[in-house]
Amino acid sequence: MRVRLDPRQWPGRVIPETDAEIDTAVEAFCLRATWPDAHRAAVRRVVEPWFAEGWSVDALLAAVDRRPDGTRQGSPRNRDQVAHDFLRARLRSWWQGGALRARPPVAGMTLGAWWRVNRRNARLTQPRPPRPLSAAGTLAREQSRERVRARLKDPVERSRELARRRQEVLDSLLVPGQRTPTFDDARKLLADVRLPAHPVCSRCGCRQGVLPHAA
């Protein structure tokens, strides 16, 4: 499968097979390992046999960091160490008895398999097309739109609609079983208020005949 990918977008679990894929994977490995000074051709000579046995970029990065038993390999590479020599030394612990390479710590797949999985996931996650409305649904939608347009055009209707909604809110505050208070109820409340029997002094505000005048 001939697909040219940017090394920054190379899938880490893909096992490169062709020369172009290996070149891309080597560049992706150096970028992810932050080895900008690495000699690409020398790195390729080290990793190409590992790619041939089912290793991927993710697997190589995991092997550089840890041994097969999970223990850490040691400190990261410093600039005084040659990149491909450092990589070869780290991969040495992944030889079983010095004869066979261990199984990769990260399972890989071919570029074609990755492409099929990627396409399937894209189909599963893409938004579904809207289902067409039935005749009844279309009619209800048009009626609703007509009501909205009518309210927006007629200022009197908008005012009535606003008053209706306010009244609904006020009615919801009533105690169940009680009627809405009227102006007559307010007048009755004021009629029950008794004015003081004694006149009030306009100068000091005291009720005359109850409190003695100030000397």
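Author: Happy to. One term before we start: contact means heavy atoms within 4.5 Å. This is a predicted model, where local features need pLDDT of at least 70, side-chain atom pairs count only at pLDDT 80 or more, and totals for chains, interfaces and linings use all residues. Residues are numbered from 1 along each chain as its sequence is written, and side-chain values use heavy atoms, with hydrogens and water left out.

Reader: Great. Let me pick a residue, then: what does leucine 91 touch, not counting residues up to four places away in sequence?

Author: Leucine 91 touches Val46, Trp50, Leu60 and Ala63.

Reader: Is leucine 91 buried or exposed?

Author: Leucine 91 counts as buried because its relative accessibility is 2%. Buried means under 20% relative accessible area, exposed means over 50%, and partly exposed is in between (1.4 Å probe, protein chains only).

Reader: And which helix is leucine 91 in?

Author: Leucine 91 is found in α4. Helices are DSSP runs of H or I with at least four residues, strands are runs of E with at least two, and both are numbered from the N terminus.

Reader: Zooming out, how many helices and strands are there in the protein chain?

Author: Eight helices and two strands. Along the sequence they come in the pattern α-α-α-α-β-β-α-α-α-α. Of the 215 residues in the protein chain, 24% are buried.

Reader: Which residues touch the most other members of the largest nonpolar core?

Author: Phe29, Trp35, Val43, Leu60 and Leu87 do, in a core of 31 residues. α1, α2, α3 and α4 each supply at least two residues of this core, and the largest share, six residues, comes from α1. A nonpolar core here is a set of buried Ala, Val, Leu, Ile, Met, Phe, Trp, Tyr and Cys residues joined through side-chain atoms within 4.5 Å.

Reader: What is leucine 87 in contact with, leaving aside its neighbours within four places in sequence?

Author: Phe29, Trp35, Val43, Val46, Val47 and Val64.

Reader: Let's go to α1. Which of its residues are buried?

Author: In α1 the buried residues are Glu21, Ile22, Thr24, Ala25, Val26, Ala28, Phe29 and Cys30. They pack against α2 (40-52), α3 (57-65), α4 (83-91) and α5 (111-125).

Reader: How far apart are the end C-alpha atoms of α1?

Author: They are 20 Å apart, which agrees with the 20 Å that the 14 residues of α1 (residues 19-32) should span at 1.5 Å a residue. The expected span of a helix is 1.5 Å times one less than its number of residues. After α1 comes threonine 34, with a positive phi near 55 degrees.

Reader: You listed Thr24 as buried. What is threonine 24 in contact with, leaving aside its neighbours within four places in sequence?

Author: Leu5, Asp6, Pro7 and Trp10. Threonine 24 has a relative accessible area of 16%, so it is buried.

Reader: New topic: how many salt bridges does the count come to?

Author: Twelve. A salt bridge is a side-chain nitrogen of Lys or Arg within 4 Å of a carboxyl oxygen of Asp or Glu. One of them joins arginine 40 and glutamate 27 at 2.9 Å, N to O. This pair links distant parts of the chain, with arginine 40 in α2 and glutamate 27 in α1, 13 residues apart.

Reader: What about glutamate 48, which residue does it form a salt bridge with?

Author: Glutamate 48 pairs with arginine 44, and their closest N and O atoms are 3.5 Å apart. The two are separated by about one helical turn because they are four residues apart in α2. Arginine 44 is buried, as its relative accessible area is 16%, whereas glutamate 48 is partly exposed at 31%.

Reader: Which residues are linked in a network of salt bridges?

Author: Asp19, Asp23, Arg44 and Glu48.

Reader: Last one: which residues of α5 are buried?

Author: Leu111, Gly112 and Ala113 are buried in α5, and the buried residues of α5 pack against α1.
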